[in-house]
Amino acid sequence: MIKKIRAEEKLSVSEIETIINGCVEFDTVAFEGVFRFEDTSKHFFMLGKNAVESLIMVTKPNLRLDFSKAKIFYDLKTLTCKTVFLTLYQTARNVRIIGLDLQIRYIGEATTHTLYGLYNFGHSLLVDRCNIEIYAEKQINTAALANYGGIDTPLDTQADNLSVNDSRIKIHIQPKESLLPCEVYGIHNYFANSIQISDTYIEVRNCGNGSDQRAVGLYNNGRFCRFSNNNVKANGGPNTGVSLEQAHACGMIDEGMYSLISNSNLVGEWGGSCIGLLLKGEYAKVNGCKILSTHTIKGTTVRIEGHKIILSDNILTSTSRNARIIYTVGSAVTICGNFLEVLMNPDICKSGVGIMMVNCSDTIVADNQFRNIKNCGIYSKQSRANIHNNVFRSLDLPSDFKEVMEDDLNYENRLEKGENFFTIN
């Protein structure tokens with residue numbers, strides 16, 4: 001059965017929620033017209049020790065929420081705790097959200113509270129062909145989609161099997177002054193397993209100043225997750241790339257296990273320190289991606305802190321003035337068949353290293369092509385690695401350029417570790 005909710009009927013939030021949760025399983029709720037919501041308080045619930053306020057709470061399982069003929073505007077002036085437009089409760093299993101076009105605008109004062117578009121606790125949520133935009137001129141923590149599993153386990157969690165397909169996420173936080181720490185996430189997956197995100201465009205921007213201002217396109221610490229055919233950009237504001245005091249940006253952070261990342265564009269740009277992809281888990285495979293760290297003083301295209309990771313057949317580039325295309329402290333890492341290039345004239349660069357290994361063991365570096373790397377193609381500090389069949393092709397490089405180098409004090413002073421990114425729960 002299809003139940004329609006029309007904007008011209010001017011139903012209250014409570015009435016809309018009653019219609020949704022009063023449906024029989026496998027019903028469709030179709031929204032039609034332009035909906036405008038403001039600071040309407042509704043549900044409070046506890047998430048650990050934190051209070052959460054949700055405008056609309058869905059509790060019924062096996063529903064299809066069809067927004068393909070609707071547009072939703074949500075304006076907020078205050079945040080008193082974690083605030084959500086639409087929450088899917090634990091009982092809301094197998095819900096489908098189709099064609100949601102949601103624009104959220106925060107017009108209040110700077111706050112340490114967090115604003116979410118969708119917050120999911122339900123198993124097997126499908127988000128298909130949705131568009132979520134969040135805009136603020138003051139500092140707020142925010143995420144367009146948060147998926148909360150809550151337990152670090154290889155067994156089932158409440159929010160497993162999330163699927164996001166063919167969707168668009170855009171977040172712009174543009175404060176005039178940076179007085180508070182501020183984190184911006186496109187999609188944040190917290191300990192939910194077996195999720196998949198594909199054919200999705202994510203752009204997040206945090207124009208704050210300083211290292212405690214963070215923009216992250218995708219964050220995951222769940223297991224057995226797949227990320228394919230996505231275009232993810234995280235940026236820190238002005239595109240001059242000459243100030244270390246800009247916000248820090250990372251295209252994707254993966255702290256999970258057994259992740260598959262393929263055929264995606266991952267970019268960290270326009271920040272004081274930028275990382276295209278940060279790998280902190282184990283058994284990840286990254287294949288066929290274009291990964292970039294650009295317009296930044298301190299740029300690392302791929303930073304590997306986890307172990308037993310395969311990085312193969314990717315295009316890895318950087319326009320950083322201190323480029324580290326790959327920086328790894330992980331063991332049992334395989335780096336093969338990649339194309340690495342610094343896309344900036346060596347005369348402008350302060351330093352540049354293709355692959356930097358620090359305290360690594362059982363690492364394989366093979367069949368990679370290096371271009372335009374200023375100082376050293378492969379630098380190995382106290383590491384054991386099998387290095388073979390790599391190609392070095394560059395123009396107008398200094399005479400002291402080294403293809404492969406081990407411990408050397410002249411390079412120790414140029415060692416620049418990427419920043420550690422923290423996360424919201």
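## Starting with Glu9

At 39% relative accessibility, Glu9 counts as partly exposed (between buried, under 20% relative accessible area, and exposed, over 50%, with a 1.4 Å probe and protein chains only). Arg6 is also partly exposed, at 29% relative accessibility. Glu9 and Arg6 form a salt bridge whose closest N and O atoms are 3.9 Å apart; the term stands for a side-chain nitrogen of Lys or Arg within 4 Å of a carboxyl oxygen of Asp or Glu.

A word on what you are looking at: this is a predicted model, where local features need pLDDT of at least 70, side-chain atom pairs count only at pLDDT 80 or more, and totals for chains, interfaces and linings use all residues. Residues are numbered from 1 along each chain as its sequence is written, and side-chain values use heavy atoms, with hydrogens and water left out.

## Other charged pairs

Side chains of opposite charge can pair when their charged atoms come close. Here the count comes to 15 salt bridges. One of them joins Arg205 to Glu203, with the closest N and O atoms 3.7 Å apart. Arg205 is buried, at a relative accessible area of 17%, and Glu203 is buried at 12% relative accessibility.

Arg303 and Glu305 meet in another salt bridge, at 2.6 Å from N to O. Arg303 counts as buried, with 5% relative accessibility. Salt bridges with shared partners also link Lys4, Arg6, Glu9 and Glu32 into one network.

## The nonpolar cores

In soluble globular proteins, nonpolar side chains tend to be buried together. A nonpolar core is a set of buried Ala, Val, Leu, Ile, Met, Phe, Trp, Tyr and Cys residues joined through side-chain atoms within 4.5 Å. The largest one in this model has 96 residues, and Ile20, Phe85, Ile97 and Ile326 have the most contacts inside it. Strand E5 (residues 64-76) gives the largest share of this core, six residues; strands (E, at least two residues) and helices (H or I, at least four) are DSSP runs numbered from the N terminus.

What is Ile97 in contact with, leaving aside its neighbours within four places in sequence? Its partners include Leu65, Phe67, Leu86, Leu88, Leu118 and Asp128, where contact means heavy atoms within 4.5 Å. A second, separate core has 19 residues, including Phe45, Met57, Phe191 and Cys250.

## The largest pocket

A pocket is found on a 1 Å grid over the protein atoms alone, as an open set of points with protein on both sides within 12 Å along at least five of seven lines; a cavity is a set where a 1.4 Å probe fits but cannot get out, and lining residues have an atom within 4 Å of a point. Grid points are joined across faces, edges and corners, and a volume is the space filled by probe spheres set on the points.

The largest pocket has a volume of about 180 Å³. It is lined by 13 residues, of which Lys10, Leu11, Phe35, Arg36 and Phe37 are the closest to its centre. Helix H1 (13-21) and strand E2 (28-37) are the elements that give two or more residues to this lining, and E2 gives the most, with four.

## The cavities

The structure holds three cavities of 30 Å³ or more. About 50 Å³ of space lies in the largest cavity. Among the residues lining the largest cavity are Leu118, Val127, Cys130, Ser167 and Arg168. Strand E11 (131-136) and strand E14 (168-173) each supply at least two residues of this lining.
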